[in-house]
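Here is a short briefing on one protein chain.

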Amino acid sequence: MVPNKVQPFKIAIPQKRIDILQKKLQLATLPEEVSFSDVEKYGASRSDIKRLVEYWKDGFDWRAQEAELNKLPQFTTTVNVDGFGDLEIHFIHQRSGQQDSIPLLFCHGWPGSFLEVSKIMPLLTEPKEGPSFHLVAPSLPNFGFSDKVNRAGFSISQYAEAIHKVMLNLGYTKYATQGGDWGFFITRSVAAQFPEHCLASHVNMQMIQPSATTTGWFGLYKLLGWFTKQESEGLERLGWYLKEGSGYLAEQSTKPLTIGYSLADSPVGLLAWVYEKLQEWTDDYPWTDDEILTWVSIYQFSKAGPAASTQIYYEARHAENADLRKAMGYVPVPLGVSSFPKDISPIPLSFCKALGPVVFQKRHEQGGHFAAYEKPQLLVRDVQDMFGSRGGAYDVAVRLRSKTHV
């Protein structure tokens, strides 16, 4: 592999892998039906999974979806991550027709992928009004069509280094970032590690490092009734997530290999594991079966295999440098925050000042965890407002508009 070299990429899953998937689907065994098989609080609905398995087996056309995905401008490049050697990274790269656009690094999380950027890409790169962007959306290592990391210890700071070096390989020496889920932690790590390059960050998920101070202020706000109805509902949502929706987090951050056997061997297991989150973490988004199965198939056919995507949870939790906690601390880079009610942690925006110098914030009345895919217009408007002529990061936008980028 040659560092810095950028090559065009097209998805071309070998027919053998598709044939194996079909055989496994034909042999699939579902749990026996019981009175609560379709009760959401127990997990993924049996009737939904049965329908999706049958369609995946007999009706879903991966080749058609592959052709649609290949309409996205895809590339690969090799980066060297300190202590881990060379990794080939897959990414989307769409330059705006306006040369002085703002370079923007978009980072997905789990169970997301580069697919999340597909709806916001045309809105950001060729907007009808407002600032425009050159958009880069990597597949994180262990996800999508990027390389697998075969050594232990690859945590948040290493993911940040990898995607930062993708930007450098493209000639973007100064840029802004956008992220949710793991993208929240990773882009904040990018800003912390490379503040001379990452000049501003926008996030659509919020988590802060618990401390005696923040806990005390939370208690005081609640006691005095200072939280708005919307903020109180957000805290209820967070409470639900911690109590009823975070089982996957406990498993993947402690025993990723164990769940990995199921994800690697059983496409039905993978489907149910991901589908549960697509349902619970969105705001009544009208998923089509083709959308769901394309989303899951990117994991099924990923270069590293679907089990590899869970490793980030373990490494982040056990990192010796505590980079997970650091990402939830104060990072002195201009920050924009968008909050959506059905996200997993819509904490009060007033507490986000603990994350950094907040220059933009917006709480929406609709939307969930996968904002770029669920509510692309809302997310794009927020990013544009943040960097627009009246936005808090306009001075950053002026610095980022450069015609020197390749």
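In this predicted model, V34, F36, V39 and Y42 make a nonpolar surface patch of about 360 Å². Strand 7, by contrast, is mostly covered.

**Surface patch**
- One of the patch residues is Y42, and its place is the loop between helix 1 (15–26) and helix 2 (46–58).
- Y42 has a relative accessible area of 55%. The cut-off for exposed is over 50%, so Y42 counts as exposed.

**Strand 7 and its neighbours**
- Strand 6 (residues 175–179) pairs with strand 7 in the parallel sense, over 5 bridges.
- Within that pairing, Y175 has C198 of strand 7 as its bridge partner.
- Between strand 6 and strand 7 the chain passes through helix 6 (residues 182–193). This β-α-β crossover is right-handed.
- Strand 7 also runs parallel to strand 8 (residues 335–339), joined to it by 3 bridges.
- Opposite H202 stands G336, a residue of strand 8.
- As a general point, side chains in a regular strand alternate between the two faces of the sheet.

**Annotated span**
- An unreviewed UniProt entry annotates residues 6–117 as "domain: Epoxide hydrolase N-terminal".
- In the model, residues 6–117 are 29% helix and 24% strand.
- The end C-alpha atoms of this span lie 20 Å apart.

Notes:
Residues numbered from 1 in each chain as written. Predicted model: local features only at pLDDT ≥ 70, side-chain atom pairs only at ≥ 80, totals over all residues. Heavy atoms only, no water. Patch = residues over 30% accessible without salt bridge, like charges linked within 9 Å, V, L, I, M, F, W, Y side chains within 5 Å. Areas by Shrake-Rupley, 256 points an atom, 1.4 Å probe, with all protein chains shown as cover. Salt bridge = Lys/Arg side-chain N within 4 Å of Asp/Glu carboxyl O. Helix = DSSP H or I, 4+ residues; strand = E, 2+ residues; numbered from the N terminus. Buried < 20%, exposed > 50% of the residue type's maximum accessible area, 1.4 Å probe, protein only. Pairing = 2+ DSSP bridges. Right-handed = clockwise from strand over helix to strand, strands pointing away. UniProt positions renumbered as here; feature names shortened; annotations may be inferred.
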